[in-house]
Amino acid sequence: MTRLPLQTRAIILAFLLGVGGLTAGVWRYGYLQALGQLEQRGEADLALASDRLVRQLQLYQALAVMTADRPALMGLDDPVRRALAEALLRQVADKSGALDLIYADAAGHVVVAANPGLTPKDLGQQAFFRRALHGALGRGHGVVGALQRRAYYFAAPVFAPGGAVKGALIAVADLEGIERSWRGNLPPVFFTDSSGLLFISNRSDLLFWHRDPGQLGLTPPDGGTLDFAARRVGTHDIWRLGWGQYLPERALHLSRDVPLVEMTGEILINVAPARRLAGLQAAAVAAICLAFGALLFLATERRRTLALANAALEVRVKDRTRALSETNEKLRQEVIEREEAEAALKQAQADLVQAGKLSALGQMSAGISHELNQPLMAIRQFADNGAAFLSRGWTDRAGENLERIADMATRMDRIIRNLRAFARNEREPSGKVDLAGVLRQAVELTEARLKADGVRLDWIPPAAPIYVWGGEVRLAQVFVNLINNAVDAMGGRDDKLIGIEIGEQGARLMVRVTDTGPGIADPEKIFEPFYTTKEVGGDEGMGLGLSISYGLVQSFGGNIRGANAPGGGAVFTVELERWQAERAA
Ligand SMILES: Nc1ncnc2c1ncn2[C@@H]1O[C@H](COP(=O)(O)OP(=O)(O)OP(=O)(O)O)[C@@H](O)[C@H]1O
Ligand SMILES: [Mg+2]
């Protein structure tokens, strides 16, 4: 993976922080909402628990008030009446479920009791009793000594006939019996008295815990300290507790005064569900935000990658274009160089052709000078004789001589014209050439040499012209080369014969030049420049004749081959294209 640019990483970080903040906000909002609902439910539960306690205790309050008015509590000095009163109290206690019913005189001495022996110690000192002696209803709570049970006391004044308070009737309610009916199913509920003692609860582990003044938390009776921390979330009190497995770790704490029993009711509601709900909401929001962010990120990353790829592509295209233009420029340069080289080559070839011709002329020069010398000598002879005839007045004979001189001059003129034509530097492109004429020219040019070397020529000139593609002088050069080579090859042989014949093969014409020489030593090499079996450096050969001929014939669209004839001697075949009017057009 490519490293993200700094800016993108900063944006991602900012986005994540934003999502984190939003998630925290959603969590808090959801938590507060859920706490609000928990509080409503908790208030209802606490109200229910308080009402139930109050209602049940009020029964005992009513019992105390009504029993206090009973006439059976009069004249208790009489042991019989006392026994009757005691039976009554026992009966009422049994029916009401009270722990005890006690009648005590103003000094706090128990006169009669339903369960003698359960009587609280120092009755006279108890606040609720003293309150009853003042004619009001006294309330109090405590542990009934002998049974170690928690009890709630109601003390109702008992009036003498004169209206004075002569004692009090105390109803002792069994708190455990009341608690038993609402234990377990509610959240932890407890009631603390004004001294901070936790006296009533639906969780028995909490009983007798106490709250020190100025404190919120409670301490177990053995005085040990347990984890406790309170804090406010919104308007709610949240307690963190380490108070055992039956109490929540985190709880919403609510309280309300219950004046009828002179206690404060408190409830602890587990906030774990609220936190779970808030967590779910926050997680959903975070997931949506992150998914949205991821999509956005992928889309921008895709665009960024595309842009990068585009840029890279552009750079490559630019590079490639530059490389192509460079290559183009190089090619152009090469083309120019090649054209120049071609021009130079053409020039060299032309020079070579010319040189070849001059070399051929050199080869023929002996024959030619002989050929020119002979008529020149004859002319001289005829002229001398003519002059002699004239001086003798033999005009007829002189005229004959003059005619012969003219014939000789004509013959010399033909030879010289041929030589001039051959030496001409032909620059014209290929065109229509009479093959018969060209062959005649070549034969005439080499005639002198053939004669000098005693070579016979087997050649029947065609009657009509045969037109082929070529250049007149250059084509003549080819045949002059072939004839010269043949004469060279046959040097020292007894029977020297050169044959020339024209054949046809489709649209092509074949000129075959044969000789009776020793044949070609290495037919593969003869067309290579500077290949010669003749004495190099001498007048004999340069090894250029055939290679020049090859180039010339090829340039006419023809072909030249050299081989050995089965009967001995060499056979050279020049293949030429027949001239056609359409092609020329
Ligand atoms: N008719 C022939 N018979 C036998 N060998 C031949 C014949 N014609 C050519 N060759 C061989 O081919 C060689 C090349 O011939 P080419 O005409 O190219 O060069 P050259 O005759 O040696 O020299 P140049 O023609 O330049 O004076 C000759 O040296 C000879 O060995
Ligand atoms: Mg040659």
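## The S8–S9 pair

Arg 232 stands opposite Asp 237 in S9. In this predicted model, S8 and strand S9 (residues 236–241) run antiparallel and are joined by six bridges. Strands are DSSP runs of E with at least two residues, helices runs of H or I with at least four, both numbered from the N terminus; two strands pair if DSSP finds at least two bridges between them.

The open sheet has six antiparallel strands, in the order S7-S6-S11-S10-S9-S8. Its edges are strand S7 (198–201) and strand S8 (228–233), each pairing on one side only. On average, neighbouring strands are turned by 35° against each other, direction ignored.

Helix H1 (residues 6–68) lies across strand S6 (189–192), S7, S8, S9, strand S10 (250–258) and strand S11 (263–270), at about 40° to S10. Axes are lines fitted to C-alpha atoms, for helices over the stretch in contact (heavy atoms within 4.5 Å), and angles run from 0 to 180 degrees between N-to-C directions.

## Ligand 1

Around ligand 1 there are 21 residues (a heavy atom within 4 Å), of which Asn 485, Asp 515, Thr 532, Thr 533 and Lys 534 come nearest. A side-chain N or O atom of Asp 515 is 2.8 Å from a nitrogen atom of the ligand. A backbone N or O atom of Leu 544 lies 3.0 Å from a ligand oxygen atom, and a polar backbone atom of Gly 545 is 3.3 Å from an oxygen atom of ligand 1. The protein buries 95% of the 590 Å² that ligand 1 exposes when taken alone (Shrake-Rupley method, 1.4 Å probe).

## Conventions

Residues are numbered from 1 along each chain as its sequence is written, chains are lettered from A and ligands numbered from 1 in the order in which they are written. Local features need pLDDT of at least 70, side-chain atom pairs count only at pLDDT 80 or more, totals for chains, interfaces and linings use all residues, and side-chain values use heavy atoms, without hydrogens and water.

Notes
Polar contact = N/O pair within 3.5 Å; in protein donor to acceptor, adjacent residues only side chain to side chain.
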